[in-house]
Amino acid sequence: MTAFAEAHDHHGPPPIHYSSRVTPAVLGMFLFIASEIMLFGSFFTVYFFDRVVNHSFGGHWPPPGFHRPAFVAGVNTLILVTSSFTMHWADTSIKRGNRAGLQAGLVLTLLLGLTFLLTQVIEYHRLGFNTGDTSFAATFFGLTGLHGAHVFVGLTILSVMTIRAFRGHFSPEHHHGVEIGGIYWHFVDVMWIVVYVTVYLL
Amino acid sequence: MRNPIRSEADAFRFVLLTIGYFALIVIGSVINVWLGLGVFVGLTLGVVWWIVSRRSREPPLPPQAPPPHPPDEHRILVVANETVGGAELLTTLRAHVSGRNARVHVVSPALNSPLRHWVSDEDPAREEAQARLDRSLAAMRAAGVVADGEVGDGDPLQAIEDALRTFRPDELIVSTHPPGRSHWLERGVVEKARERFALPVTHVTVELP
């Protein structure tokens, strides 16, 4: 059969044309992340506006009376960064057909993410200020809380991925669920690095 | 520009780069606030430079699969803006189809202003592109050239890439205004088409009154 005949033997609509050469599911995740970056961007704008406008603290930031637990948050940052490594391990494992590696990687990522979130909740309790105490406190809780909400969503996605991994889903050929969830988790990690450096360190 | 992050592995690399980027800024800031600012500006400019230079070094697309059309059929993809009905283009086309079982596919990009593009107001641009296409197809058919066509993306390179997926041409003809009048030449559309697409590319300049 000639190539021409083969081409005309095909019934139904033509094959899908991905002009961006990224599958729709991955592209959808990127578009979602783009919208998330805009959401975080608006919160960062408020934070920097507050910081620039409030010059009346004699150059001190945060305002007197407020303490940012940079060390605890630093340890938490290490935990979250480590979870990106375990997530990548899980993804690499399933691509090589290593199911045990996938399961271990996902469980570790889930546990590290849970540890991060719990540590943040404990940190909130010990801060000594609340959302209503000055605009600094409001933006602090706004940014870290927004990120915490994303970690919660990420943990939900990770839980589903982990359950699926233990139920025998995913293979070296079909692991979109790990790929897309992994991209989201790395996004959460990157956003935390930005939040940590901006809010806790600088 | 092609998306640099397409997989979990790419996203992971981005995490590592982010850590390095912010670590250097923090170290600079700890030493001196102005040094931190300088590191931030330097790194950011470096990233912008890397992105821009990466765009110009994008590898060409893999060669097209064998065209699923009869081996004796020669397919020509024509991309043209306002010059689509120009005499020079018709002359070139006649020379390329002469003595061949040739089929021509014309893509008329829906040229739009940046403002209209960003507000997704492309209906007038598409209507104008369709009108240009209809006129040029009529002129080609009158000249004995077997041709069909479509309105394409406003970005000529994207329009070519889209058409490649459905038409599978053997060669590409890009028609522009002469140098000095052509936005496409200013943007290096012809050179980029030669770099990106594994096809013979002919450039035709059309002098319109």
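Trainee: Which residues of α4(A) meet α5(A) in this predicted model?

Mentor: On the α4(A) side they include Leu102(A), Leu106(A), Leu110(A), Gly113(A) and Leu117(A). Among their partners in α5(A) are Gly148(A), Val151(A), Leu155(A), Leu158(A) and Ala165(A).

Trainee: What makes up that contact by class?

Mentor: It has 14 nonpolar and nine polar residues, with no charged ones.

Trainee: Why is α4(A) called roughly antiparallel to α5(A)?

Mentor: Take the angle. The two helices pack at about 155 degrees, and their axes lie 9 Å apart. Angles over 145 degrees count as roughly antiparallel, so α4(A) is roughly antiparallel to α5(A).

Trainee: Which hand does the crossing of α4(A) and α5(A) have, left or right?

Mentor: α4(A) passes α5(A) in a left-handed crossing.

Trainee: What makes α2(A) and α6(A) roughly parallel?

Mentor: They pack at an angle of about 15 degrees, with axes 11 Å apart. The cut-off for roughly parallel is under 35 degrees, so α2(A) is roughly parallel to α6(A). The crossing of this pair is right-handed.

Trainee: Which residues of α2(A) and α6(A) meet?

Mentor: From α2(A), Ile33(A), Phe40(A), Phe44(A) and Tyr47(A) are among them. From α6(A), they include Ile183(A), Tyr184(A), Phe187(A) and Met191(A). By class, this contact has 12 nonpolar, two polar and two charged residues. Glu counts as charged, so Glu36(A) in α2(A) and Glu179(A) in α6(A) fall in that class.

Trainee: What does Leu102(A) contact, beyond its neighbours within four places in sequence?

Mentor: Leu102(A) is in contact with Ala90(A), Ser93(A), Ile94(A), Ala165(A), Phe170(A) and Val178(A).

Trainee: How many helices and strands does chain A have?

Mentor: Six helices and zero strands. Of the 202 residues of chain A, 28% count as buried.

Key:
Residues numbered from 1 in each chain as written. Chains lettered and ligands numbered in written order. Predicted model: local features only at pLDDT ≥ 70, side-chain atom pairs only at ≥ 80, totals over all residues. Helix = DSSP H or I, 4+ residues; strand = E, 2+ residues; numbered from the N terminus. Buried ≥ 20, exposed ≤ 12 C-beta atoms within 10 Å, placed from the backbone. Contact = placed C-beta atoms within 7 Å. Axes fitted to C-alpha atoms, helices over the stretch in contact; angles between N-to-C directions. Parallel < 35°, antiparallel > 145°, perpendicular 65-115°, else oblique. Left-handed = near helix turned anticlockwise from the far one by under 90°.
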